[in-house]
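Dear colleague,

Please find below the structure that I am handing over to you.

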Amino acid sequence: MPHHTPLIGTIVAGLVVAFILGAIAHRLKLSPLVGYLLAGIMVGPFTPGFVADANLANELAEIGVILLMFGVGLHFSLRDLLSVRMIAVPGAVGQIAVATLLGMALAWTQGWSIMGGLVFGLALSVASTVVLLRALQGANLVETRRGRIAVGWLIVEDLAMVLALVLLPALAGVMNNAEAGAGMEALLAPLLGTMLKVMGFVALMLIVGRRVIPWALHWVVHTGSRELFRLAVLAIALGVAFGAAVAFDVSFALGAFFAGMILGETPLSRRATEETLPLRDAFAVLFFVSVGMLFNPAVLVQQPLLLFATVAIIIVGKSIAAFFIVRAFGHPTDTALTISASLAQIGEFSFILASLGTGLGVLPAEGRDLILAGAIVSILLNPIIFSLVVRDRKEEEAEENEEAATEKPRMGHVILVGYGRVGKLIAMRLAERNIHFVVIEGDMERADEAEEAGLSVIRGSALEDRHLIAAGIGKARRLLIAVPEGFEAGAIHQHAYHLNPAIQVIARAHSDAEAVHLEGLGVPYVVMGERELASRMLVLCGAG
Ligand code: AMP
C-alpha cells in the first residue's frame, strides 16, 4: 500500500514521528527542534526500519523553507534594525567573519576546497531564529534592550545569509570556470548575471509588488472571506517565491523573503502571520525532518574529534567573538553574555546552506553531517548555556516584585490576571470604585502600560506560584482571570486554589468547551464572551 502513496506516506510518517519525538522533547524540556531532527533520522535511510522518500521529503522541505523565509520577511522590521544598527551590524558581520574563518580553517585541515570551507564556515556562523526567540522568550528578554540587540543581530545575520544564498551558486560557477582555466570574462559573467537578475527581481518587487500585493490583499479583506484571505496570503508567498525562481533564477528563499517583507509593511501583516502560522509550522516540521533524514549518524563514531571542533566553533568560538565585540562597543557584560549565549547555536539557515553546498557539489557529505550534528548538539546545549550565563529578567523582577509585594497587597484585595482588552476595562472600573487590586501581566509592554496608569503590577505569568504569591494570593479575596485562553485560565485557577482554597475565582472563557472545562475544575464564576454578547443583544432588542 505505501508503495502507491509515497507522498502521503512521507507526509504522514514525517508528521507523526515528529509529533511523537517533539512531544517527548517537550516533556524533557528540550527544544522540539531536536525531536523533529531525530524524527528525520529515524525515518531516514541511515537507520533501520521505515524509510521515507527522500526526494519527496526534500520538495516538501522546500515549501517549509519558503514559508519560514516568508515569516522572516514578515517580521523583518527596518525600524527595529535601525534602532540597534550601531552594534548589530558590526557585531553580526564581525562574528560571521570570525566563525567563517574558523570553519574554513577546520575545512582546510580536511583538504576540502575553499568554496567547501566557505559554505561550511558560513553555516556555522548563523544562528537559528527559532532557537533564539525561544531562549529569549523563556527568560522574558525579548522586549529588553539586550533582547532587541540579539534580534537585530540575528536579522543582520539572516540578511547576510540571504545574500550568500544568492551569490554562492554564481561563485561556485566562477570557481569551476577558474579551475577550467577560463578567462576573466568567463569568470565574471555568471557573477554579474546573478547580480543583474537579483537586482531585476528586487526592482520589480519594490516597484510593482509593493503596490500590487497590498492592493490585492486589501481587496480580499473587503470581500470579508477569511478563507480567501488565507488563500491570498499563501498564494502570494508561494507564488512570488516560485515566480522568482522561474523567471529570475533566484532562490525560493529570497523570493519568499521579499514577499514577506512587502506584506510586513502593510497593516495586514499581523493577520497574514496568524493565517499562515499553522501551515508554516507543519511544513517547517517537515523541513526539519527532511534535514534529519540526510544525517548519517556514522559521523559521530567516525569523526568524533572533527565533531568536537565543529561544536567548539559554534559554542565557544562564536561566543567569544560576540562577547568581545559587544564589550568593545561599550555595552555591559550582562548584554554581552546574553548575546553570546543566544547566538551559540545553529539551525535552519545552516541546513539551507548545507543542502545548497552539497547540491552545488562544493561541500562534501561529511561537511553536511558535521553541520547537522553540530546543530543538534548546540541546540541541545543552548538552554543549559543560556541558563548558566544569562541573568534571567524574571530574577531581576522577582526582587522588584518581592519589594512591591511587601507594600502593595492588602487584606481582601482583588488580583487581576491580564491587562489586555478585557483586563484594562476591569482595571478602570475597579480603580474608579477604589477597590484595591494588583495586576499580574506577562507581557512587558502591557505591564509598563499598567504601571504608567499608576497600578500595582507584578510582572510575569500567573501560571507561576511565585508571581501569585508576590501578588499576595494568600490574603486575596477574589481572582479575576482575564486571559483569552480558557484552558490556561483553568491552570491558573488550579495554582491559585492550591495557594488559597478560599479565594473566589472569576474566569473568562471563549468557547463552550472552555466554559465546561472551567466549571468542571470548580471555578465558581465563568464568563463567556459570546454568551454575554448574546444576552446583551437580546436585551437591546427587547427580548432579554
Ligand atoms: P486580551 O486578549 O487582549 O484580553 O489580553 C490578555 C492579556 O493577558 C495579555 O496582555 C496577556 O499578556 C495576558 N496574559 C495571558 N496569559 C497570562 C498569564 N498566564 N499571566 C499573566 N498574564 C497573562
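A residue is counted here as near a molecule if one of its heavy atoms lies within 4 Å of it. Please bear in mind that this is a predicted model.

The ligand is surrounded by 19 residues. Arg421, Glu441, Arg446, Glu488 and Arg508 are the closest of these. Sorted by class, the shell around the ligand consists of 8 nonpolar, 5 polar and 6 charged residues.

Glu441 places a polar side-chain atom 2.4 Å from an oxygen atom of the ligand. For Arg508, the distance from a polar side-chain atom to an oxygen atom of the ligand is 2.8 Å. Glu488 has a polar side-chain atom 2.7 Å from a nitrogen atom of the ligand.

Taken alone, the ligand exposes 510 Å², and the protein buries 87% of that. The elements that contribute two or more residues to the shell around the ligand are helix α19 (421–432), strand β2 (437–441) and helix α22 (486–499).

I also looked at Gly520, which belongs to helix α23 (residues 512–520). Is Gly520 buried or exposed? Its relative accessible area is 68%, so Gly520 is classed as exposed, the cut-off for that class being over 50%. The C-alpha atom of Gly520 is separated by 9.4 Å from that of Gly490, and the two residues are 30 residues apart along the chain.

Yours sincerely,
A colleague

Technical notes: Residues are numbered from 1 along each chain as its sequence is written. This is a predicted model: local features need pLDDT of at least 70, side-chain atom pairs count only at pLDDT 80 or more; totals for chains, interfaces and linings use all residues. Side-chain values use heavy atoms; hydrogens and water are left out. A polar contact is a pair of N or O atoms within 3.5 Å; within protein, one must be able to donate a hydrogen and the other to accept it, and residues adjacent in sequence count only if both atoms are side-chain atoms. Accessible areas come from the Shrake-Rupley method with a 1.4 Å probe; for residues, only the protein chains shown count as cover. Helices (H or I, at least four residues) and strands (E, at least two) are DSSP runs, numbered from the N terminus. Ala, Val, Leu, Ile, Met, Phe, Trp, Tyr, Cys and Pro count as nonpolar, Asp, Glu, Lys and Arg as charged, and the others, Gly among them, as polar. Buried means under 20% relative accessible area, exposed over 50%, partly exposed in between (1.4 Å probe, protein chains only).
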